[in-house]
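This report examines one protein structure for a reader who is new to the subject. Please keep the structure in view while reading.

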Amino acid sequence: MPQKPSKSPAGKGPRTPATKPARVAAKRPKAALRAASKTISKANQNVSQERIVRALETIAAHLSAQGKPAAERESFKQADAFVWHPDGRLAAVPRVSRVELFLLKGVDRMRDILMENTERFANGLPANNALLWGARGMGKSSLVKAAHASTNAERKPADRLKLIEIHREDIESLPALMEQLRASSFRFIVFCDDLSFDGNDASYKSLKAVLEGGIEGRPENVILYATSNRRHLLAREMIENERSTAINPGEAVEEKVSLSDRFGLWLGFHRCSQDEYLAMVRGYCSHFGVNVDDDALEREALEWSTTRGSRSGRVAWQFVQELAGRLGVKLTAT
């Protein structure tokens with residue numbers, strides 16, 4: 001008998017060998033999606049773990065700084081000057097790079113005000129944070145270091161002021177430094193050289209809270225001295241940008257400018273006159289034993305300042321270094 005042709009299910013064509021690979025191909029996108037999902041999940045886990053590790057490291061460093069025993073905090077006895085590191089470490093500076101107070105010419109008024117403020121603070125009396133601003137090279141940072149050394153000159157080791165330098169980029173760690181210093185029996189000048197803020201830098205808010213306005217406030221045994229070329233510590237374009245983009249321009253500018261208001265003393269340094277510049281040169285030469293005919297010294301010093309395009313204490317010191325090197329004289333005090 002002739003065999004009847006097999007019937008396929010209703011609505012479906014005859015099965016062909018091609019249907020199985022089609023199902024496999026259909027499954028491949030799902031498998032690829034699952035693999036990609038696993039890869040993304042692992043990447044997110046790695047990122048999260050890295051963030052957690054960084055956060056834990058930051059917390060550990062902060063706790064380490066807070067948890068230092070009293071004996072370690074009192075290691076301030078080993079030196080009069082230190083450099084602060086944001087990991088909670090204070091590096092002792094055996095010898096501070098400075099000039100003698102009497103060699104700073106043309107800044108007599110600022111010198112007297114800062115010395116009086118520093119002496120009051122060293123004696124446990126109320127004193128102000130100080131901002132030394134103005135022309136570059138006019139001895140702002142030199143005056144801070146000289147005032148510190150002069151105040152300590154006749155003091156017993158237990159009564160000496162400690163000078164701690166904090167770098168501009170480490171300002172955000174200032175609260176941790178304050179926490180360390182608060183428990184010490186010594187008194188401290190925290191010094192930041194060339195302090196200024198640019199662009200969207202918001203670290204100045206940490207400084208504002210420490211200077212005035214924080215819950216704890218500035219420790220009674222700490223005072224802050226800062227130098228800057230800017231009176232308000234902020235670039236003019238930064239202030240103007242705040243004025244132009246803010247909903248209330250006045251409030252935005254007030255927030256920025258209020259930083260410099262937290263310093264009780266504003267000491268302005270301006271360009272020196274020719275006579276003051278020559279007095280600086282003569283003072284350095286006399287102190288270090290650089291003997292040159294006065295007419296020749298004046299002529300060369302003025303020529304040097306002309307080539308530099310400015311007159312300042314820094315330019316005077318650079319000229320004396322050049323002159324001493326040419327004459328074979330070492331710059332050691334006579």
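What is the relative accessible area of arginine 326, and is this residue buried, partly exposed or exposed? Arginine 326 has a relative accessible area of 47%, and it is partly exposed. The class follows because buried means under 20%, exposed means over 50%, and partly exposed lies in between. The model described here is a predicted one.

**Salt bridges**

The structure holds 13 salt bridges.

| Residue pair | N to O distance |
|---|---|
| Aspartate 80 and arginine 160 | 2.8 Å |
| Arginine 282 and aspartate 294 | 2.8 Å |
| Arginine 326 and glutamate 300 | 3.0 Å |

The salt bridge between aspartate 80 and arginine 160 has its closest N and O atoms 2.8 Å apart. Aspartate 80 is found in the loop between α2 (70-73) and β1 (81-85), while arginine 160 is found in the loop between α4 (140-152) and β4 (161-165), so the pair ties together parts that are 80 residues apart in sequence. Aspartate 80 is partly exposed at a relative accessible area of 22%, and arginine 160 is also partly exposed, at 24%.

The second pair joins arginine 282 to aspartate 294 through a salt bridge. Arginine 282 belongs to helix α9 (residues 274-288) and aspartate 294 to helix α10 (residues 294-308); the two are 12 residues apart, and the pair links distant parts of the chain. Relative accessibility is 33% for arginine 282, which counts as partly exposed. For aspartate 294 the value is 36%, and this residue likewise counts as partly exposed.

Glutamate 300 has a relative accessibility of 23% and counts as partly exposed. Elsewhere, salt bridges with shared partners join Asp80, Arg160 and Lys162 into one network.

Is strand β5 enclosed or open? Six of the six residues of strand β5 (residues 187-192) are buried, so the strand is largely enclosed by the rest of the structure. Both of its faces are covered: Arg187, Ile189 and Phe191 are buried on one side, and Phe188, Val190 and Cys192 are buried on the other.

Strand β5 runs parallel to β4, and five bridges join the two. Within this pairing, leucine 161 stands opposite arginine 187 of β5. Between β4 and β5 the chain passes through helix α5 (residues 174-182), and this β-α-β crossover is right-handed. Strand β5 also pairs with strand β6 (residues 222-228) in the parallel sense, over five bridges. Here isoleucine 189 stands opposite isoleucine 223 in β6.

**The largest pocket**

Rolling a probe the size of a water molecule over the atoms shows where empty space is left. The largest pocket contains about 980 Å³ of space. Its lining comprises 37 residues, and those nearest its centre are Ser97, Arg98, Val99, Ser142 and Lys145. Helices α4, α9 and α11 each supply at least two residues of this lining. The most is given by α4, with seven residues. By residue class, the lining of the largest pocket divides into 13 nonpolar, 12 polar and 12 charged residues.

Technical notes: Residues are numbered from 1 along each chain as its sequence is written. This is a predicted model: local features need pLDDT of at least 70, side-chain atom pairs count only at pLDDT 80 or more; totals for chains, interfaces and linings use all residues. Side-chain values use heavy atoms; hydrogens and water are left out. A salt bridge is a side-chain nitrogen of Lys or Arg within 4 Å of a carboxyl oxygen of Asp or Glu. Helices (H or I, at least four residues) and strands (E, at least two) are DSSP runs, numbered from the N terminus. Buried means under 20% relative accessible area, exposed over 50%, partly exposed in between (1.4 Å probe, protein chains only). Two strands pair if DSSP finds at least two bridges between them. A crossover is right-handed if, with the strands pointing away from the viewer, the path from the first strand over the helix to the second runs clockwise. On a 1 Å grid over the protein atoms alone, a cavity is a set of points where a 1.4 Å probe fits but cannot get out, and a pocket is an open set with protein on both sides within 12 Å along at least five of seven lines; lining residues have an atom within 4 Å of a point. Grid points are joined across faces, edges and corners, and a volume is the space filled by probe spheres set on the points. Ala, Val, Leu, Ile, Met, Phe, Trp, Tyr, Cys and Pro count as nonpolar, Asp, Glu, Lys and Arg as charged, and the others, Gly among them, as polar.
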